[in-house]
Amino acid sequence: SMGNNLISAGGFDIKEIYQQSSYKTPLIFLLSPGSDPISILERFAREKFGSITNIDVISLGRGQGPRAVELINKACSQQSGRWVVLQNCHLAESFMPELRRIVDKIVSSTEEIDPFFRLWLSSKPDPFFPVDILQAGLKISVEPPQGLKANLLQSFNSGLIYDESFDDHHTGPAWKKLLFGLCFFNAIVLERKKYGPLGWNIPYEFSTSDLEVSIQWLRMFLSEQDVPWDKIHYLVGELAYGGRVTDEWDRRCLRGILAKFCGKECIDDHYSYTSNQIYQPVRADASFADCIEYIETLPPTDSSEVFGMHQSAEKTFLLSQSKLVMEVLQAIDSHGQKIAGYDQGSDGIVLQIIEEVQSTLPLEINLVISQNQSKYGLSTTIGPAHDDITVMAEQRLYYQPFQQEFTPYTALDTALKLECVRFNRLLHRVHNTLKTLSLGIKGRVIMSEELEKTYVSLLRNRVPKSWMDVCYESSKFLGSWVTDLIRRIDFIQYWLDLAMEASQVRKKNSLLSATVSSVRSEVQKVDTSNHSRTLSRNSITSTKYTFETISNFKGYPDSFWLPAFFYPQGFLTSALQHCARIMNLPVDTIQFQHNILGSEDISMMHSDFNSQLFDGSNQDILEEFIVYGLHLDGARWDEDFLALRDPKIEQKHSMMPSITCKAVQISKIKEERSGRYFYECPVYITPSRAGSLSSTGLSNNFVTSINLPSDHPPEHWVLRGVALLCQPED
């Protein structure tokens with residue numbers, strides 16, 4: 001064994017650093033995400049001076065430069081030992097030249113300056129930070145601790161908690177257990193980031209100040225006779241930590257973690273955070289030294305159980321680390337070098353990729369209906385009333401040119417046309433870019449910066465940024481992205497053919513009706529002397545036609561491949577509106593109820609969606625339809641018990657069966673009382689789950705939520721970060 005000192009992250013001793021400094025050496029904190037050196041500095045100042053009145057803290061930004069100069073000059077001239085702290089220097093690029101002149105003046109000054117004066121700076125690594133200041137000062141790298149053990153030691157050794165506060169007898173018997181649980185909660189929310197989207201949808205930068213203010217609130221509330229659990233959970237979970245959380249599903253997870261480490265059960269003597277009793281609260285009579293000793297006995301590697309995760313989550317974390325290393329290695333430029341298996345250089349490889357993509361992808365999705373377009377055997381002939389008028393109308397309609405653009409008839413048709421427009425815009429961008437890039441490689445056009453980026457992306461098997469600007473959310477590599485795009489287009493084209501066929505039926509019905517009326521009017525004007533063409537008024541008005549078609553043909557399927565859509569949220573909204581019109585109800589009074597289908601061949605459905613998708617496509621959608629193609633992340637579906645189960649260790653994602661979406665009135669929804677739990681599972685487009693905030697107040701990566709039955713309480717799956725994905729990770 002090499003020893004724990006080689007794997008544990010070492011902190012810094014601010015006292016020792018201060019002793020090495022002088023008024024001529026600025027002290028520079030190099031910030032990293034989640035670090036908060038100012039709280040450490042204030043505690044050191046309080047220990048040294050008894051208060052923080054000698055510290056002037058300025059957060060640099062617009063208009064703060066002159067005030068910073070004034071405070072530095074004042075502190076240098078006074079013999080009172082003042083410190084000036086300039087926070088976030090990386091946000092004040094225009095002030096950096098002035099700061100460099102001030103530091104140069106202090107370093108080379110022959111005037112008398114207060115020897116106890118100190119200039120403290122904090123900044124993220126930035127190229128415009130003056131090199132002269134870095135060379136003249138002491139650099140302090142503030143790295144967040146790695147692992148639960150290191151986080152707990154930092155909380156107890158950084159001065160945030162000390163002997164007197166830990167042994168405070170005025171805070172009641174629950175103080176030590178809840179204080180330790182609060183520090184453990186802080187370590188958990190910080191370390192969950194390593195699990196990626198399973199931990200948090202968005203990686204938040206929690207800081208030491210969040211823990212500090214939470215401890216102050218905890219001490220204040222525990223001085224009451226009864227522990228106000230609701231107040232503690234609200235202030236800590238919704239304000240201190242929850243104030244940084246912008247995603248509603250992350251906030252739900254945060255509340256679950258807080259309940260586990262600072263809940264009513266935590267003050268029980270036999271309570272443990274894990275089943276193996278390794279992670280548990282400290283004893284109520286433990287001293288500060290006992291607490292530190294217990295933390296030192298914790299294992300150096302964290303157990304996934306203490307996070308509420310399954311063992312497969314640890315494998316996901318290790319795979320993500322390996323992927324990161326491979327991406328760094330791939331970023332090493334091999335431009336111009338030959339690649340194994342290819343005789344040509346980079347230009348030849350890119351040209352080959354261009355040729356393959358151009359030959360694979362269609363130019364566009366055709367939205368124009370031509371005459372007599374019939375792919376599904378719909379009858380387009382006049383029915384049994386074959387009299388003179390209907391025959392003349394049919395002949396005139398047959399020779400009339402018929403071509404029109406697809407016009408939406410229902411809410412679902414509108415969603416379909418919008419999807420076609422988005423796919424066509426993407427296809428045009430792809431083909432135009434590839435054509436121009438091919439000419440650029442051959443020297444016929446100038447290679448712009450955008451073409452250079454596209455060239456590098458294709459060489460590295462990445463989707464170019466110019467394509468992603470008009471593309472759906474995707475995290476796939478180029479090869480699988482093209483394959484996925486083809487499947488999406490096949491789905492949309494198949495549905496479009498049905499919708500265009502239905503549109504053609506409706507259009508020809510309308511045209512035929514108008515043509516028959518026109519022929520009747522002309523017949524009435526015919527010379528009545530010609531008896532061979534004379535028809536009585538009664539026979540004319542009684543003439544009827546029938547157009548042989550399938551009466552319930554509506555032009556859309558009863559099952560949908562949800563991952564195929566550019567904007568699945570828009571499709572579901574259109575489907576809900578469609579159902580509302582059929583049910584003759586306001587759209588805001590209904591919602592979808594979901595039912596998981598079982599006993600089906602998932603692999604066949606996944607590999608050949610066309611045969612399953614349009615099975616029964618001539619059936620009208622009344623109140624429900626089927627979606628499929630979703631994947632479970634962090635869990636799997638048990639078809640035997642029709643419930644969620646923990647995933648297999650070697651399984652990262654699992655296929656979800658088809659799901660029935662039935663529109664029901666909100667007022668008539670009844671909670672199912674089957675003795676089972678139901679987990680409200682969010683549905684996301686990509687595995688990253690993070691996205692920008694949309695006008696609805698939700699992430700544009702979020703689609704909807706589906707209640708899944710389970711034998712475990714929903715909190716079990718909340719801590720595991722279980723979600724449904726439209727597209728799994730490559």
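The face of helix α14 turned away from its buried side carries the exposed residues E355 and S359. Here buried stands for under 20% relative accessible area, exposed for over 50%, and partly exposed for what lies in between, with a 1.4 Å probe and protein chains only. The model is predicted: local features need pLDDT of at least 70 and side-chain atom pairs count only at pLDDT 80 or more, while totals for chains, interfaces and linings use all residues. Residues are numbered from 1 along each chain as its sequence is written, and side-chain values use heavy atoms, with hydrogens and water left out.

**Two helices**

The buried residues of α14 are S346, I349, V350, I353, I354 and V357. They cover an arc of only 140 degrees around the axis, which puts them on the same side of α14; the arc is taken over the directions from the helix axis to the C-beta atoms. An α-helix has 3.6 residues a turn, so residues three or four places apart point the same way.

In α10, the buried residues are W229, I232, L235, V236, G237 and A240. Seen down the axis of α10, these fall within an arc of 170 degrees and so line one face of the helix. The buried residues of α10 pack against α8, α9 (208-222) and α11.

The table sets out the lengths of both helices. Helices are DSSP runs (H or I, at least four residues), as are strands (E, at least two), numbered from the N terminus.

**Nonpolar cores**

A nonpolar core is a set of buried Ala, Val, Leu, Ile, Met, Phe, Trp, Tyr and Cys residues joined through side-chain atoms within 4.5 Å. The largest has 139 residues, and those with the most contacts inside it are F156, F180, F184, F185, W481 and F571. Helix α8 (residues 175-191) gives the largest share of this core, 12 residues. Another core, of 25 residues, lies apart from it and has I58, L60, A68 and I102 among its members.

Contact means heavy atoms within 4.5 Å. Not counting residues up to four places away in sequence, W481 touches L426, V430, V463, W467, M468, C471, Y472, S474 and K476.

**Sheet**

An open sheet of 5 strands has mixed pairing and the order β14-β11-β18-β16-β17. Two strands pair if DSSP finds at least two bridges between them. β14 (653-655) and β17 (702-710) are the edge strands, each pairing on one side only. From one strand to the next the twist averages 35 degrees.

Strands β11 (residues 631-633) and β18 (residues 723-725) run antiparallel and are joined by 3 bridges. L632 stands opposite L724 in β18. Helix α11 (residues 248-261) lies across β16 (677-684) and β17, at about 140 degrees to β16. Such angles run from 0 to 180 degrees between N-to-C directions, with axes fitted to C-alpha atoms, for helices over the stretch in contact.

**Single residues**

S304 is placed in the loop between α12 (288-296) and α13 (311-331). Its relative accessibility is 10%, so S304 counts as buried. Leaving aside neighbours within four places in sequence, S304 is in contact with Y195, M309, H310, Q311 and E314.

I17 lies in helix α1 (residues 14-20) and, at 16% relative accessibility, counts as buried. The C-alpha atoms of I17 and L27 are separated by 8.6 Å, the two residues being 10 residues apart along the chain.
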